[in-house]
Amino acid sequence: MMGERRCPTCGALASADAEWCGQCFSPLERGGARTEADGPATSARTGTAGPNAIEGTSWGAIEVEGGTLAWTCPVCETRNPIEANACSACGTPFGRLLAEPEAPPEIEPQTAAVWSMLWPGLGHWKLGRRTEAVARFVMFAWSFGALMVLLVSRFGKGGLGPTFPLFALFLAASLMIYVVSAVDAYRLAAGDEPLMSSRTLLWTSAGLVFLSVLIATFVTLPAARR
């Protein structure tokens, strides 16, 4: 476990006694990475002390669990083995964990919420949270777009008919994304934790896709064939 360590500049692996990084040639401090023997460390994401966490410089952490090192993705919070150069879930490179966090743009909470009301995700974009902003852009565009397609396709046909379950699903999804995005933009600008984290947003997107396929396959299509 102590045979190798990460370069704090580029994230490349180097031996514990190396004085220079073989990738970027940055000088390395002797002594290797910090372990449990160094005492408690702070988790960069939670800000709480934990005996197995090694403090990072961004929204992530390197932890010792079961005698092995693992790092938590600063974007989606997925745990990855220390040998992984990128997150297995979202592809965020390991070097992002050690990058110095940029100061978020100063924006009033009310202004951030208003931007999100114009289109979900705009408030997050103004706050510098580009990944979450794009995710909300796509989710709302897909759910609201599908809602409009259903309405147009059933126009003049005597109601929604067998497409009503899909209509209800996309309507609920559009409203949820719209409201939660505005609330989260307000909370983030005020320095509070969001209601929907990046990990929750990822699983919500997957659940929405799964439910829409399930309803279309077992409810809407069989009813339309009758």
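Good morning, colleagues. Please bear in mind throughout that we are looking at a predicted model. Three salt bridges are present in this structure. Arg129, Glu132, Arg136 and Asp184 are joined by salt bridges into a network, and I shall go through that network pair by pair.

I begin with Arg129 and Glu132. These two residues form a salt bridge in which the closest N and O atoms are 2.8 Å apart. Is Glu132 buried or exposed? Glu132 has a relative accessible area of 10% and is therefore buried, because the limit for that class is under 20%. Arg129, by contrast, has a relative accessibility of 32% and counts as partly exposed.

Glu132 also pairs with Arg136, and here the closest N and O atoms are 3.6 Å apart. Both residues belong to helix α3, which covers residues 130–153. Glu132 and Arg136 are four residues apart, about one turn of that helix.

We come now to the pair of Arg136 and Asp184. Their salt bridge has its closest N and O atoms 3.1 Å apart.

To close, I return to the network as a whole: salt bridges link Arg129, Glu132, Arg136 and Asp184. Thank you for your attention.

Notes:
Residues numbered from 1 in each chain as written. Predicted model: local features only at pLDDT ≥ 70, side-chain atom pairs only at ≥ 80, totals over all residues. Heavy atoms only, no water. Salt bridge = Lys/Arg side-chain N within 4 Å of Asp/Glu carboxyl O. Buried < 20%, exposed > 50% of the residue type's maximum accessible area, 1.4 Å probe, protein only. Helix = DSSP H or I, 4+ residues; strand = E, 2+ residues; numbered from the N terminus.
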